[in-house]
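Please look over the sequence and structure before reading on.

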Amino acid sequence: MLALEEQAEARLELGEHGLLAGELSDLANRHPLRERLRAAHMRALYGAGRASEALDSYQDLRRRLQEELGLDPAPDLAALHQEILQQNPALRAGPAPAPTPRRHTNLPIPATGLIGRSESVHQVRALLAAGRLVTLTGPGGVGKTRLAVEVASGLTDVHAGGVWLVELAAQASSTGSGTATTGDELAEVVAATLGIRDDTRPGPLPSRRPRALLDRLSDTLRSRRLLLILDNCEHVIEAAAALAQALLRDAPGVRILATSQEPLNIAGEQLWPVPPLDLPPLDLPGDTTEPAALRTSGAVRLFLERAAAASPGFALSDNNARAITSICRRLDGIPLALELAATRVRVLGVHELAGRLDDRFRLLTGGHRGAPARQRTLRAMIDWSWELLTAAEQAVLRRLAVHSDGCTLEAAEAVCAGADVKPGEVLDLLTRLVDRSLVLVAHEADGTRYRLLESVSAYLLEQLRESEYERVRRAHAHYYAEFAEHADASLRGADQQYWLRRLDAETANIRSALDDAAADGDARLMRRLVHAMAWYWFLRGRLTEANRYLTLALTLPEDPAVRGADTAGQVPHRSGTVAWQTGMSLLSGAPDGPARHSRAVLEVYEGIRDPHERTRVGWLLGYAITRFGDFAVGEKLLNRVLAESRALGDRWGLAAGLSTRGMQTYVCGDLKASRRAAEESLELFHQTGDRWGRLQATGVLGRLAEIEGNYPQADRLHRDGLRMAEDLGLWTDASMRWSELGRIALLTGGHAKAEEFHERARRLAVEQADQPAEEFAEVGLALGARRQGRLDQAESYLRRWLEWNRQFDAEYGAALILAELGFIAELRGDAETALELHLQGLAAARDTGDPRAIALALEGLAGAHALAGHPVRAARLLGAASAARTSVGAPLPAAERGDVDRITAVLQAALGEAGFVAECEQGIALGPDIGAELLNA
């Protein structure tokens, strides 16, 4: 900006008020608080005879400064304002502008408008105003030439000598042997474009060197002020650089706008990478794409305009929005590719077009007859770039195509090296490919990443399949197996967050490696991959993916040549694969096979060969059984895991086992033991640095605080857990924490907040396809709906999940849902249904062994009997429920007494206060094991 301001002031001294008044208007709008720029603009407006606009500009600046910064304009700017008011003649000082010469240009007049590039046009013009050489770089077909023409077309009034397009595509390639274009030859092209004669023979240079054509061109242009567009420099890059360097050195009035797939790499060059057009969003809300949202995408707007030109009447609609999104994204927003695709709409329609893009090189061949040959087909566009590469560059580039969604430098060095390229040479070759705009580079938080456009990747895969595809594919799969194993070793410690992100970034590559191993029938490589990825899949909640690949690994036959070999420490044993698959199956909420029967899981655990893996996957099995299976089996399994972890000195296994033990013991009513286990687990996870583990332990402590009625502490602990889950990107865990916070809000009377939190939890669970988290959230929504009298809504939530819960051995979910449905029936006045539901709920609660669940069922039965006209039986049931809660030191907190207080009021009215108390005492004496004679009407 300083350079632009100094240039503007110098041009004001030359009297160029009229030109500057227009040029500075856009800059002043984009930088409204720069006072020096505003002063130059005000002087230009006044000098151009637009005094009122100059005064308005000052008032605009004065208002902005006061509103945004609380300041007044600087004294010199206020003085300039006063001089304009007084029409000071000195403001018009400076030489009278020379008569404007006739403008010259050979710029083509575009047949269509430029779409999606308005900001780029402004930015490139600003760069040209500040410097003398700007190079537009980017891959073939991205629209460098079209952008350059648009930029230059608005600058014809600025350059007295004209604006000239110099097309270099027809020149011989600098990479050719013996026929490379020289700087003199390009100077001849420029001279011919400008109409400069070459029939004089001036003397030699002072050094006695003969005066070359490039020197004579520089002399001729020395006093001219013009803009040259050097178009398509990439194949004559050395000669183009020599030409530009000479003109910049010897002709100070010349500015150059170059287009090239790689930089000229000379002093003073400013680069402007031309990006593809902005794409429509990938994750669109709802089941249908909103057309209005797509119209904000430059790629979509270009495709629509060109398709409508080729197929009159074509328009964006709800029916074709998804197909158009797919086309624009799969063609990477490259304008040439989109224009070629648009010509096919008339014959194919967009749905068929989108479906045929896997064969894009035969499909996209319908370029306009007036276009250069390299722009008439998609293949020709990429051929142009490919043929400019050296053999080593071609080797690295085609090997890059085996990657999915990009790769790191380390991966490129491992996979792209070969007999013709050493690992140490890959970086230099990759850098040259980035410079040539064939490889995209992104500097991300965890390092640099290299990617290919999809069309370029498809082209390169064709090249790879003709030569060394199998070798490169195997190198890729083995590299990512080693990468996943290294990452897995760090997923349970202080670097957990970093390695989660790394694995996120490499998900597509690892899936590709898994698919290749499965296609090759390579059981050993497949097991290495699935074992290395299992914990990541669990943390990210990708249980379906885990199940699919673990099951696939188990179907692959072992190679007889290695079956008897000792592969300990290299290839995980199949017994571990069975265990991981069993645990993931049960956790997915759709158990099958051995996971459907809790006791079979013990056999799976006992079959695991590797003792260290046994504690890790053993914890997963124990956790899954505790949540969805036979509680007693879960306890037995966790006992084994804890004992083996202590024996092995495995702090992580011990910490994980203790967090689950904390959950088991609070369910059984031993709140003190639960707290001890959770606190020890939290301390061990602090020592290991595992934030996921701390999240689990704080979840147990938060639930204990809720049971004890300490809602502020529960809220704090669950919010701490939510922050950890969100920081780590563990969205399934985040869903559970939002539901826990929803429960706390519900208990403290914040019904609106409770609904908001549970709805957030539900959306996250649905996005992650996590049924257990979705169930937890929707049951929370049902709890809130019932407490606000929306009984039908509550029942609709609960009925959906009752049968789902009943497929598991564990009865916790079913016990709660049956209790809630029973209360709904009672509130509707249906005593018979209420009694039936609460009896089922009591049976489920007794299966869990949780005294608090048993108490809830007894309280529900009390309400049903009170409604049926049996107040004595009802009062005794309330007493028995109270005894159950007292037995575990967890009396019903005040916030949870709504149902009990309601039932108590009915019973006191029927029995009198003294009679009610006496019957309650009878129930307390009987305790929670109350007999059938009190349970049935």
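How many residues does helix α31 have, and what distance does α31 reach from its first C-alpha to its last? In this predicted model, α31 runs over residues 631-648 and has 18 residues.

Just after the helix comes Gly-649, with a positive phi of about 70 degrees.

The buried residues of α31 include Val-633, Gly-634, Leu-637, Leu-638, Val-641, Leu-642 and Ser-645. Phe-631 and Glu-644 are buried as well. In an α-helix there are 3.6 residues a turn, so residues three or four places apart point the same way.

The chain has an average pLDDT of 88, and 91% of the residues score at least 70.

| Stretch | pLDDT | Contacts beyond near neighbours in sequence |
|---|---|---|
| Residues 96-103 | below 50 | 7 contacts |
| Residues 562-569 | under 50 | 3 contacts |

Where pLDDT is low, the predicted coordinates should not be read in detail.

The model holds 4 cavities of 30 Å³ or more. About 80 Å³ of space lies in the largest cavity. Its lining includes Pro-139, Gly-140, Asp-332, Met-381, Ser-385 and Leu-453. The elements giving two or more residues to this lining are α17 (378-386) and α21 (454-465). The largest share, 3 residues, comes from α17.

Note on methods: Residues numbered from 1 in each chain as written. Predicted model: local features only at pLDDT ≥ 70, side-chain atom pairs only at ≥ 80, totals over all residues. Heavy atoms only, no water. Helix = DSSP H or I, 4+ residues; strand = E, 2+ residues; numbered from the N terminus. Expected span 1.5 Å × (residues − 1). Buried < 20%, exposed > 50% of the residue type's maximum accessible area, 1.4 Å probe, protein only. pLDDT = per-residue confidence, 0-100. Contact = heavy atoms within 4.5 Å. 1 Å grid on protein atoms, 1.4 Å probe; cavity = no way out; pocket = protein on both sides within 12 Å on 5 of 7 lines; lining within 4 Å. Points joined across faces, edges and corners; volume = space filled by probe spheres on them.
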